[in-house]
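Here is a short briefing to read alongside the structure.

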Amino acid sequence: MNAVGHDGYEQHPLLHTRVRDIASQGEGELTAVTHELHSDGRVVRIAHIRPESGIEWTTSADNIHAAAP
């Protein structure tokens, strides 16, 4: 796992690059990876992706990889 700031944002190596979400097959810029603490103690890593349309979506950070050029 990558370093996480006190604000809950992960310093992910793909930040601000084009990524592909394997769950939705969508592509866009990775704008953030946040960590959410759930009531049962689990920490869930959430990837925030912004496509050209500007309407962001989220997915598990484990679902993203660099998009093909």
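The notes below go through the overall build, the strand pairing, the core and a few residues worth a look.

This is a predicted model. The chain has 5 strands and 0 helices, which gives the pattern β-β-β-β-β along the sequence. Its radius of gyration is 12 Å, close to the 11 Å that the globule rule gives for 69 residues, so the chain is as compact as a globular protein of that length.

**Overall build**

- Along the principal axes, the C-alpha atoms fill a box of roughly 35 × 20 × 20 Å.
- Of the 69 residues in the chain, 33% are buried.
- The chain exposes about 4,500 Å², and carbon and sulfur atoms supply 52% of that area.
- For contacts between residues at least 6 apart in sequence, 33% join residues at least 24 apart.

**How the strands pair**

- Strand β1 covers residues 18-21, and strand β2 covers residues 27-37. The two run antiparallel and are joined by 3 bridges, with Val-19 standing opposite Gly-28 in β2.
- β1 also pairs with strand β5 (residues 64-66), again through 3 bridges and in the antiparallel sense. Here Asp-21 stands opposite Ile-64.
- β2 and strand β3 (residues 43-50) are antiparallel too, with 8 bridges between them. Thr-34 has Ile-46 in β3 as its bridge partner.
- β3 is joined to strand β4 (residues 57-60) by 4 bridges, and these strands run antiparallel. His-48 stands opposite Thr-58 in β4.

**The hairpin turns**

- The hairpin of β1 and β2 has 5 residues between the strands, and Gln-25 takes a positive phi near 65 degrees there.
- β2 and β3 form a hairpin that also has 5 residues between them, and Gly-41 in the turn has a positive phi of about 95 degrees.
- In the hairpin of β3 and β4, 6 residues lie between the strands, and Gly-54 has a positive phi near 90 degrees.

- In β1, Val-19 and Asp-21 make up the covered face, whereas Arg-18 and Arg-20 are on the uncovered one.
- Which residues form the largest nonpolar core? There are 7 of them: Val-19, Leu-30, Val-33, Ala-47, Ile-49, Ala-61 and Ile-64. β2 and β3 each supply at least two residues of this core.

**A closer look at Trp-57**

- Trp-57 is found in strand β4. Is this residue buried or partly exposed? Trp-57 counts as partly exposed because its relative accessibility is 22%, while buried means under 20%.
- Leaving aside neighbours within four places in sequence, Trp-57 is in contact with Asp-21, Ser-24, Gly-26, Glu-27, Gly-28, Ala-47, His-48, Ile-49 and Pro-51.
- With Asp-21, the Trp-57 side chain makes a polar contact to the side chain at 3.0 Å. Asp-21 is also one of the residues on the covered face of β1.
- For a sense of scale, Trp-57 and Gly-41 are 16 residues apart in sequence, and their C-alpha atoms are 24 Å apart in space.

**Positive phi outside glycine**

- His-16 has a phi near 65 degrees, a positive value in a residue other than glycine. His-16 is in the segment before β1 and counts as exposed because its relative accessibility is 55%, where exposed means over 50%.
- Gln-25 also has a positive phi near 65 degrees without being glycine. This residue is in the loop between β1 and β2.
- How exposed is Gln-25? With a relative accessible area of 45%, Gln-25 is partly exposed, because that class runs between the buried limit of 20% and the exposed limit of 50%.

Notes: Residues numbered from 1 in each chain as written. Predicted model: local features only at pLDDT ≥ 70, side-chain atom pairs only at ≥ 80, totals over all residues. Heavy atoms only, no water. Buried < 20%, exposed > 50% of the residue type's maximum accessible area, 1.4 Å probe, protein only. Pairing = 2+ DSSP bridges. Core = buried A, V, L, I, M, F, W, Y, C linked by side-chain atoms within 4.5 Å. Rg over C-alpha atoms; globule rule 2.2 N^0.38 Å. Contact = heavy atoms within 4.5 Å. Areas by Shrake-Rupley, 256 points an atom, 1.4 Å probe, with all protein chains shown as cover. Polar contact = N/O pair within 3.5 Å; in protein donor to acceptor, adjacent residues only side chain to side chain.
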